[in-house]
Amino acid sequence: MGAEGIRHSLRERGFRLTRQRQILLELIDKSGQHLDAERLYQMARAIDPKLNRVTVYRTLKMLKHGGLVDELDLMHVEGDQHYYETRMKGEHAHIICLRCGRVEEYFGEPLESLKRQVEAVFGFQIVIQRTEVGGYCSHCQRLRAEELADAARAAEATAPVTRTGKRGS
Ligand SMILES: [Zn+2]
Ligand SMILES: [Zn+2]
């Protein structure tokens, strides 16, 4: 979505296109990533040094309420900040590694069928759907297996000596 698309979607929702709204929407839209408010503030300041933190945070809130960006917590794996991404991206789930914090995106038909089923079963009109999956990526699974083995060895080495003189397991 280019600058024209952003102007259009703001107008469509009855928002005035202020400079800070345009800057933030463009940053979020172009990055295609999940950026937290502080990072967005730094990036916005590099474009317009007059922007202050309060304005940036308030603008993000407004863009969220206006349905232009999604606010994610990504399982709070890096702390309690929130992340922002464009809503123009299409339905996807976030797959979050609880060890390294890596975030993958899953786009697939099952998300659409989940939506249709929820609508049918509950007679629900879905406005927003957010799917987050937490676990360990393949790299971290290997590291965790090693860590667990190390911990087991360390526990064995410090295990109390039993009355028979043998080390407990
Ligand atoms: Zn990982
Ligand atoms: Zn995403």
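**Close-up 1. Glu104 and Arg102 pair up in a salt bridge, with their closest N and O atoms 2.9 Å apart.** A salt bridge here means a side-chain nitrogen of Lys or Arg within 4 Å of a carboxyl oxygen of Asp or Glu. Glu104 is partly exposed at 38% relative accessibility, and so is Arg102 at 47%. (Buried is under 20% relative accessible area, exposed over 50%, partly exposed in between, using a 1.4 Å probe and protein chains only.) Elsewhere, salt bridges with shared partners join Asp70, Arg87 and Arg130 into one network. This is a predicted model, where local features need pLDDT of at least 70 and side-chain atom pairs count only at pLDDT 80 or more. Residues are numbered from 1 along each chain as its sequence is written, and side-chain values use heavy atoms, leaving out hydrogens and water.

**Close-up 2. Five residues hold the zinc ion (ligand 2): His34 (NE2), Glu85 (OE), His92 (NE2), His94 (NE2) and Glu105 (OE), at 2.0 to 2.2 Å.** Donors are N, O and S atoms within 2.8 Å of the metal (3.2 Å for Na, K and Ca); with water not among the atoms, sites may look incomplete. Along the chain, the donors of this zinc ion are spaced H-x50-E-x6-H-x1-H-x10-E. Glu85 is buried at 3% relative accessibility, while Glu105 is partly exposed at 28%.

**Close-up 3. Lys115 reaches Glu91 in a salt bridge, closest N and O atoms 3.0 Å apart.** Glu91 is partly exposed, with a relative accessible area of 27%.

**Close-up 4. Glu147 and Arg99 meet side chain to side chain in a salt bridge (2.3 Å, N to O).** Both are partly exposed: Glu147 at 39%, Arg99 at 35%. Searching the whole structure turns up 13 salt bridges.

Methods:
Chains lettered and ligands numbered in written order.
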